[in-house]
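Try each task before you read its solution.

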Amino acid sequence: MQSYVLRRLLIALPSLLIASLIVFTLPRLIPGDVVQLMLEEKAYGKDLDDLRAKLGLDRPIPVQYVDWVARLARGDLGESLWTRQPVLGELARRMPVTLTLGFLAIVVAVVIGVPIGILSAVRQDGALDFFARSAAILGLSIPGFVQAIVVILLPAIWWGWTPRMGFTDLAHGPATYLLQFVLPAIILGIASAAAIMRLTRGMLLEVLRQDYVRTAWAKGLRERVVVLKHSLKNAIIPVVTVLGLQIAQIAGGSVIIESIFGLPGMGQFLLEAITQRDYPVIQGINLLIVVIIVATNLLVDLFYAMIDPRIRY
Amino acid sequence: MAGSVQIIPAPEALARSHPRLRALGLAWRFGRRKPLGAIGAVIVVGLIVMAAFADRIAPYSFDDSVPGARMKAPSLQFWMGTENLGRDIWSRVVYGARISVTVGFATVALATLLATAIGVSSAYLGGAYDITVQRIVDAWMSFPALVIVLSMLAALGPGLLNLILALSVLGAAGASRVIRGATLSTMQSPYVEAARALGAGHVRVIVRHVLPNVTATIIILSTIGLGTVILAESSLSFLGFGVPPPYPSWGGMLSGSGRSFMYHAPWMALWPSVAISLAVFGFNMLGDALRDVLDPRLRGGGGRPVS
């Protein structure tokens with residue numbers, strides 16, 4: 001187990017290094033000069049060259065990259081070009097918002113997706129199955145931002161009610177804090193719920209036709225035991241894999257949902273940073289997301305061993 | 001089968017003599033077996049017709065401001081109402097189909113080409129090349145799709161061509177994995193070995209023996225990819241990284257003015273939403289059905305998620 005984790009981390013290293021290179025190069029290709037922008041909007045320096053030197057952007061790009069990686073190794077993500085605040089601190093301030101949103105969205109995806117997938121498979125071609133499958137297709141087809149607009153718009157037209165758009169932080173009590181995440185999290189989680197429901201149903205249908213399930217029935221076991229204990233355990237592994245992949249989807253989707261619902265998380269920070277060409281911020285956020293995703297993949301693999309005793313590392 | 005007499009049923013014979021009838025018959029059978037897929041196909045065809053003949057179908061140009069017709073509710077003159085600048089929404093939705101269709105098909109074509117090149121070469125050449133390429137694909141795939149496209153578009157600048165480039169590079173990574181897998185399994189087959197033994201060169205083996213056998217995989221990947229790409233395009237336009245105005249894209253119509261006026265003129269937000277959802281729904285349904293029909297292993301809704 002330990003050696004497996006170590007080996008996986010070693011394999012992840014080159015991928016992370018390539019990712020860091022992509023993360024570093026992409027924002028620097030943005031046409032238009034951050035220095036020009038900054039000089040126009042805020043008189044930071046005497047002239048372009050002076051400001052460029054102050055920001056360290058006059059050095060060759062490979063030198064900047066090596067410097068960035070070296071500081072990264074010491075846990076320093078640099079500072080924002082605009083606010084001069086350390087990126088790490090800014091990220092730490094916004095992380096909780098995105099993490100809460102993402103976590104709730106995953107809960108929504110699992111709580112809706114898995115049970116409905118099970119019911120749908122057990123009563124294949126029944127009314128619920130038909131309804132759930134159609135709903136899942138709709139959930140996959142209607143983009144999150146459209147769902148969000150509908151959810152905001154319809155109550156406004158019918159009852160003159162609009163969800164509050166401001167953001168209250170944790171200091172105002174956990175209930176108000178969590179309540180503002182409910183709608184965004186449901187919308188963010190719906191598409192993943194649909195994908196997970198379809199997969200759970202499909203895998204379970206396959207398992208339910210296995211010989212050992214027939215044996216379980218023949219032993220006179222109750223339906224609940226046959227389905228949940230004998231079948232589900234063998235159907236759930238691909239579902240866990242896809243759940244891991246959905247985390248990347250959710251991270252991307254949070255950019256849009258945060259901007260619609262005015263949640264000050266990392267997604268909104270990223271959009272801001274891209275329009276302002278704030279290189280260190282863009283790099284920091286992207287790198288953080290990559291690390292989160294690589295870590296989730298590892299956790300997913302370790303989780304297999306917990307569900308399936310045949311898997312040993 | 002040599003020697004056995006084959007009795008050809010009359011309608012089949014007729015169909016065979018008239019290729020057009022044969023196509024109709026195929027379409028009919030597809031519709032009977034996959035009704036949802038047929039609905040998807042109808043939506044997709046409608047979308048393509050709208051895109052191709054936008055200038056004939058739309059009563060106004062996408063950028064025509066009708067004087068004195070700001071934010072009018074849907075009526076006989078303006079089927080879907082008008083928006084805050086007095087432009088006819090139905091006309092803009094029709095022209096918007098052009099963007100979705102262009103971006104969808106161009107992206108999928110480019111992505112498929114890239115993915116096939118990467119996937120086949122990676123599997124065929126193997127060795128250090130394979131390992132290097134796969135690590136790059138790994139890194140590429142560990143980014144959330146939207147984040148990487150946003151960063152790329154920020155780098156390339158907004159515009160139709162850049163949108164297509166960014167989306168296809170993204171789509172290619174995942175697809176190349178699948179094609180690599182299919183190629184690897186094809187290369188194990190005896191006929192590839194036989195071709196090699198007969199002295200066929202690399203190009204001949206790839207073009208004549210490997211490619212035809214991964215075609216089904218490629219077709220399935222691209223039909224399913226179309227819905228995803230259209231969804232991605234509208235999300236990006238919604239965030240303001242799509243095709244710049246005044247040209248209407250559905251996602252763009254929903255952002256900015258669509259959202260700020262939606263309480264006074266709900267139809268401004270409603271119709272683009274309907275258009276996006278219908279289009280994605282159509283491609284998803286068609287892709288699902290085609291996958292079931294083309295790939296017997298997946299028959300019966302095994303349910304790999306579209307994303």
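A crossing is left-handed if the near helix is turned anticlockwise from the far one by less than a right angle, and right-handed if clockwise. The model is predicted: local features need pLDDT of at least 70, side-chain atom pairs count only at pLDDT 80 or more, and totals for chains, interfaces and linings use all residues. Residues are numbered from 1 along each chain as its sequence is written, and chains are lettered from A and ligands numbered from 1 in the order in which they are written.

**Exercise 1. The two chains**

Task: State how many helices and strands chain A has, and do so for chain B.

Solution. Start with the terms: helices (H or I, at least four residues) and strands (E, at least two) are DSSP runs, numbered from the N terminus. Chain A has twelve helices and zero strands. Chain B has 13 helices and zero strands.

Next, take burial. A residue is buried if 20 or more other C-beta atoms lie within 10 Å of its own, exposed if 12 or fewer, and partly exposed in between, with C-beta atoms placed from the backbone. Chain A holds 313 residues, and 40% of them count as buried. In chain B, 45% of the 307 residues count as buried.

Then look at contacts. Two residues are in contact if their C-beta atoms, placed from the backbone, lie within 7 Å. Consider contacts with a separation of 6 or more: in chain A, residues 24 or more positions apart make up 72% of them. In chain B the share is 67%.

Last, the extent. Along the principal axes, the C-alpha atoms of chain A fill a box of roughly 85 × 60 × 35 Å.

**Exercise 2. Helix 6 against helix 8**

Task: Describe how helix 6 of chain A passes helix 8 of chain A.

Solution. Two packed helices are described by the angle between their axes and the distance between the axes. Axes are lines fitted to C-alpha atoms, for helices over the stretch in contact, and angles run from 0 to 180 degrees between N-to-C directions. For helix 6 (residues 127-141) and helix 8 (residues 174-208) of chain A, the axes come within 8 Å and cross at roughly 135°.

Now classify the angle. Under 35 degrees counts as roughly parallel, over 145 as roughly antiparallel, 65 to 115 as roughly perpendicular and the rest as oblique. Helix 6 and helix 8 of chain A are therefore oblique to each other. Their crossing is left-handed.

Find the residues. Helix 6 of chain A brings Ala132(A), Ala136(A), Gly139(A) and Leu140(A), and the partners in helix 8 of chain A include Ile190(A), Met197(A) and Arg198(A).

Sort them by class. Ala, Val, Leu, Ile, Met, Phe, Trp, Tyr, Cys and Pro count as nonpolar, Asp, Glu, Lys and Arg as charged, and the others, Gly among them, as polar. This contact of helix 6 with helix 8 of chain A has nine nonpolar, one polar and one charged residue.

**Exercise 3. Where the chains meet**

Task: Name the helix of chain B that gives the largest share of the side touching chain A.

Solution. In all, 39 residues of chain B contact 44 residues of chain A. Helix 6 (127-141), helix 7 (145-156), helix 10 (202-238) and helix 13 (267-294) of chain B each supply at least two residues of chain B's side. Helix 7 of chain B gives the largest share, eight residues. By class, this side of chain B has 24 nonpolar, twelve polar and three charged residues.
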